[in-house]
Amino acid sequence: MRKPLVAALFALAVAGAGAAPAVAAPVGAGPAAQAAEPALSAVSLAGTVALSNCSGSLVRFPDSVDTDPALVLSNGHCSKLMDPGEVITNRPNNRTFGLLDSSGTQVATLQAAKLAYATMTDTDVAVYELTSTYAAVKSAYGVSALTVRDTHPAAGTAVTVASGAWKKLLDCSIDGFVHRLKEDTWTWKDSVRYTSACQTISGTSGSPVIDRSTGEVVAVHNTGNEQGASCTRDNPCEVDEEGAVTVRKGINYGQQTFQIPACFTTGNQLDLSTAGCTLPKP
């Protein structure tokens, strides 16, 4: 779990004081993945957002319609540090988000109506409902929402971690999936492990992890092992089915998002009782 940005650093990021978005070349891909590289879609910062302490993205689900209230996806820990087992649903919230276009220019400030869902149990996710519809955002600012895929991604998939806070695009691949990822008091299931090219930093938490072949969101970035310690804050460890612990210093992780669409119904409304919804419940 990355530490939140301090106010001064965040101001620089939102103001665009840094260099142009950095793109890291993917590593660790096999010959087949390398051969497919020219066909991959270019990913931009369009639809990403900057929070006061994290990154995020304007998202929709496969069944969302343009008249639905728009949603923002980020991490649960970007809303607050939550206790294991804690789940927040449909809580009024007026948080604001800086919406970026493809060049990384902030074109709007969007506002939440409520925090529809947030947890740090099994996953690390927050979904905010906005006061604007997708149609209104598109008409006013020319930016479309990213679609959250409702199927499990595959190892070897070329992805981009797109940070709205830092206006950076980090390209790498899904190296594999972690049975249990433990960090301090939190445990996350079936986490995405990136290849080493995605060197994330504080403030990239909440960034969408985008499949570069489809442009769909397949995960949300949330942590990385910074010092090589085991299972401590900012030093998550991997635990396999047999309980064996592996530490990978400098490697970063995200939480899958394919399970989220099944928990939202008509009008983008949360319903944790729907068939197929596996998100933790209060």
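**Exercise 1. Is Cys 231 buried, partly exposed or exposed, and why?**

Solution. Start with the ground rules: this is a predicted model, in which local features need pLDDT of at least 70, side-chain atom pairs count only at pLDDT 80 or more, and totals for chains, interfaces and linings use all residues. Residues are numbered from 1 along each chain as its sequence is written, and side-chain values use heavy atoms, with hydrogens and water left out.

Step 1: recall the classes. Buried means under 20% relative accessible area, exposed means over 50%, and partly exposed lies in between (1.4 Å probe, protein chains only).

Step 2: apply them. Cys 231 counts as partly exposed because its relative accessibility is 22%.

Step 3: look at the backbone. Cys 231 sits in the loop between β13 (217–224) and β14 (237–239); strands here are DSSP runs (E, at least two residues), numbered from the N terminus. Its phi is near 65 degrees, a positive value in a residue other than glycine.

Step 4: find the partner. Cys 231 is joined to Cys 237 by a disulfide, S to S 1.9 Å, where a disulfide is a pair of cysteine sulfur atoms within 2.5 Å. With 95 degrees about the S-S bond, this link is right-handed. Cys 237 counts as buried because its relative accessibility is 0%.

**Exercise 2. Work out how the disulfides are arranged along the chain.**

Solution. Step 1: count them. The structure holds four disulfides, and with bonded cysteines counted along the chain they follow the pattern 1-2, 3-4, 5-6, 7-8.

Step 1: take Cys 54 and Cys 78, whose sulfur atoms are 2.1 Å apart. Cys 54 lies in the loop between β1 (48–50) and β2, and Cys 78 in the loop between β3 and β4, so the pair ties together parts that are 24 residues apart in sequence. The link is left-handed, with -90 degrees about the S-S bond, and Cys 54 and Cys 78 are buried.

Step 2: take Cys 172 and Cys 198, also a disulfide, S to S 2.1 Å. Cys 172 is in strand β10 (residues 168–183) and Cys 198 in the loop between β11 (186–194) and β12 (208–211), 26 residues apart. Here too -90 degrees about the S-S bond makes a left-handed link.

**Exercise 3. Describe the nonpolar cores.**

Solution. A nonpolar core is a set of buried Ala, Val, Leu, Ile, Met, Phe, Trp, Tyr and Cys residues joined through side-chain atoms within 4.5 Å.

Step 1: take the largest, which has 56 residues; among those with the most contacts inside it are Leu 58, Leu 130 and Phe 264. Strand β6 (residues 106–119) gives the most to this core, with seven residues.

Step 2: zoom in on Phe 264. Leaving aside residues up to four places away in sequence, Phe 264 touches Phe 61, Ala 116, Val 127, Gln 269 and Leu 270, a contact being heavy atoms within 4.5 Å.

Methods: Helix = DSSP H or I, 4+ residues; strand = E, 2+ residues; numbered from the N terminus.
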